[in-house]
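Reader: I would like a close look at one part of this model. Please keep the answer plain and take the surroundings along with it.

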Amino acid sequence: MDPHRVDFSSPLSIEALCELLNNSDDENESLSVSSVMNPGNIGPLEPEKKVTTSFQGDRSSKEIWSVSEVPDGSEFDDSLDPRKQPKYEMHFKQRVGSEDLFMGLSRKNPSTACCEDLVVKIHLPNTRASDMSLDITRKFLDLRTPKYKLGLHLPHPVNEKTGKAQYKVDTETLEVTLTMVRDLDFVNFS
């Protein structure tokens, strides 16, 4: 048994530790053995502080939060919507030329860090292309049809202006190809 080891298995030893840490000279502030002890009892006693929230923005505005505090895509969240979520797949895609395949002149490798595009394949059975509503922002894809609703947070920011979507009637699949925008793309693609 280690002589320097202190045993805190009894309530009296925990009470003694609390008194030592509180540095309390007043007998009324000490804890009784029968009181409920928790980690908040250790340390000096502080008066209760009021919790205040700060709003970073224009005080004259009647808004309760700023746009930066709202996560991307939260405006599309609707838990009461009865429409089903369709099955989907996400794939990363590289733009590869013959110099990449046969000569290895570029620094591309099979990792997703060297991919330029994100392809989202959404299976929509019994759906016409005219019934689809597709909205893409920098980090969120929102697809709505009369039967299905998909709100998808994207793994990387995308350029919402350069994407393309194609509906394949034979497989009933919508393929959305989006160009990814990442901070270190100049290292991978230069």
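Which residues does Tyr148 touch, not counting residues up to four places away in sequence?

Author: Tyr148 touches Arg83, Lys84, Gln85, Pro86, Leu124, Pro125, Thr127 and Leu143, with residues up to four places away in sequence left out; contact here means heavy atoms within 4.5 Å. This is a predicted model, in which local features need pLDDT of at least 70 and side-chain atom pairs count only at pLDDT 80 or more, while totals for chains, interfaces and linings use all residues. Residues are numbered from 1 along each chain as its sequence is written, and side-chain values use heavy atoms, with hydrogens and water left out.

Tyr148 sits in the loop between strand 4 (140-144) and strand 5 (149-153). Helices (H or I, at least four residues) and strands (E, at least two) are DSSP runs, numbered from the N terminus. With a relative accessible area of 11%, Tyr148 is buried. Buried means under 20% relative accessible area, exposed over 50%, and partly exposed in between, with a 1.4 Å probe and protein chains only. One of the residues it touches, Gln85, is 63 residues away from Tyr148 in sequence, yet the two C-alpha atoms are 5.6 Å apart in space.

Met132 is found in the loop between strand 2 (117-123) and strand 3 (133-136), and it is buried at a relative accessible area of 19%. Leaving aside neighbours within four places in sequence, Met132 is in contact with Leu124, Thr127, Leu143, Arg144, Thr145, Tyr167 and Leu174. Leu124, Thr127 and Leu143 are also among the residues that Tyr148 touches.

Next come the charged pairs. Side chains of opposite charge can pair when their charged atoms come close. The structure holds 4 salt bridges, a salt bridge being a side-chain nitrogen of Lys or Arg within 4 Å of a carboxyl oxygen of Asp or Glu. One of them involves Arg144, a contact of Met132: Arg144 pairs with Asp142, and their closest N and O atoms are 3.1 Å apart. Arg144 is partly exposed at 21% relative accessibility, whereas Asp142 is buried at 6%. Another joins Arg128 to Asp131, with 3.3 Å between the closest N and O atoms. Here Arg128 is exposed at 55% relative accessibility, and Asp131 is partly exposed at 29%. Glu175 and Lys168 also form a salt bridge, at 3.2 Å between the closest N and O atoms. Glu175 is buried at 18%, while Lys168 is partly exposed at 30%.

As for the chain around these residues, it has 3 helices and 7 strands, in the order α-β-α-β-β-β-β-β-β-α along the sequence. Of its 190 residues, 25% are buried. Among contacts with a separation of 6 or more, 50% link residues 24 or more positions apart. The accessible surface comes to about 14200 Å², and carbon and sulfur atoms hold 54% of that; such areas come from the Shrake-Rupley method with a 1.4 Å probe, and for residues only the protein chains shown count as cover.
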